[in-house]
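Let's take a look inside a protein model. Keep the structure open while you read.

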Amino acid sequence: MTNLIDLPGEEYMLPGNRACAGCGLALAYRYILKALDGRAIMCVPASCLTVLGGMYPVSSVRMPWLNVTFPSTAATASGVVAGLKALGRKDVTVVAMAGDGGTVDIGIQALSGAAERNTDLLYICYDNEAYMNTGVQRSSATPKGVKTTTTPVGGKREHKKDMAGIMEAHHLAYIATASPAFPDDLYDKVRKARDMRGTRYIHVYAPCPPGWLFHTKDTVNVGRISVETGAVVLYEIEDGAFRLTGLSKEIADFDELKPLTTYLECQGRFRDLDAATIEELETRVARRWDRYVARDEEADA
Amino acid sequence: MGTRDCGHLSAMAAPAKGEAGETGRWRTMRPVVDHTKCTAAAADSLVCLRCWCYCPEAAIEKAVPIEIDLTYCKGCGICAEGCPSKAITMVPEVECEDGE
């Protein structure tokens, strides 16, 4: 495990980009690029990340970058993989990176197709739990009870889709979840995925100050609380072997989860939740946590 | 810009700082560092550096003493929030001498 202080100082994402102040995605992205040593080709659909990447003729990223259509992220990346294979290039990682909307809603069929073919690419979904770039519209990754500009009074009525679970059903070589509040854990996971072959999937939960309605200074705090309360669980599945990582592993071994209300109350998007919804969310988080801990113990045994 | 090494024009974008302009102008609060409290400055070595680590703008270099690039710092306040020795304070931009 890499220590925070030992993470490389070289920056591939340049300052003065278009990301909002306190952007969780920008923080995650910084470490994803560090882990790739800048040796990668990015395929990015419409998303906050396209905005962060910049407008022609200037780019805020020191790496090759393709802007692609919303549903075709994994398909384009598959084409890049085929192109590199034809050229005999083996020193570059092809990275498809999309938001939750571009992954869970719009890009899912291309991703599922690439995963089924086991195309040699790293797919990273940064999940800020709504279409943030266009002004906070709900996606199927938005949790129940969240207020967006396109949810009914009282918040979203449906639960969040478990995208990492869907990818697990594709039996990939590597699947992981991560959070920018733990850059060391994120860095290690991207690095591990980089050195593997076949389709690899990483799901990064990216706190979003304007969309989740919290102060810009609290991005890291909210990310940390999300893991402390079990709203986000850090794990990796390597060739089918499940294990909890980072703070989630520590909590499973030595501690217990904090009440989920700590997480719900630190953001404005969960405001005015009724007691029944809170209880439903708590039950779901608790059940899922027990399931993950059981799987982790099973692996340890 | 947009010219390849071979001299041909191309539609390839070139990387540069400040793609969105001087984003420091977005700032309402300015991070001010008190180097007497900074752990890294006291040890004069690459220790702690949580500010560098958690800066979503990459506006702080991994170096001692730390320096925040105010041309691009958007003033989110994550560095001040995460500093274990409270060496960074957020000061309203209007109260700074050269503030706007």
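## Ground rules

Contact, or touching, means heavy atoms within 4.5 Å. This is a predicted model, where local features need pLDDT of at least 70, side-chain atom pairs count only at pLDDT 80 or more, and totals for chains, interfaces and linings use all residues. Side-chain values use heavy atoms, with hydrogens and water left out, residues are numbered from 1 along each chain as its sequence is written, and chains are lettered from A and ligands numbered from 1 in the order in which they are written.

## The nonpolar cores

A nonpolar core is a set of buried Ala, Val, Leu, Ile, Met, Phe, Trp, Tyr and Cys residues joined through side-chain atoms within 4.5 Å; buried means under 20% relative accessible area with a 1.4 Å probe, protein chains only. The largest one here has 105 residues, and A:Tyr29, A:Met97 and A:Tyr201 have the most contacts inside it. Its largest share, nine residues, comes from helix H1 (residues 24-35) of chain A; helices are DSSP runs of H or I, at least four residues, numbered from the N terminus.

Leaving out residues up to four places away in sequence, A:Tyr29 touches A:Met13, A:Met42, A:Leu49, A:Leu52, A:Val61, A:Trp65 and A:Met97. There's also a second, separate core of 17 residues, with A:Val136 and A:Ile225 among them.

## Helix H3

H3 of chain A covers residues 73-87. Among its buried residues are A:Ala77, A:Val81 and A:Leu84.

Terms used. Buried means under 20% relative accessible area, exposed over 50%, partly exposed in between (1.4 Å probe, protein chains only). Helices (H or I, at least four residues) and strands (E, at least two) are DSSP runs, numbered from the N terminus. The expected span of a helix is 1.5 Å times one less than its number of residues.
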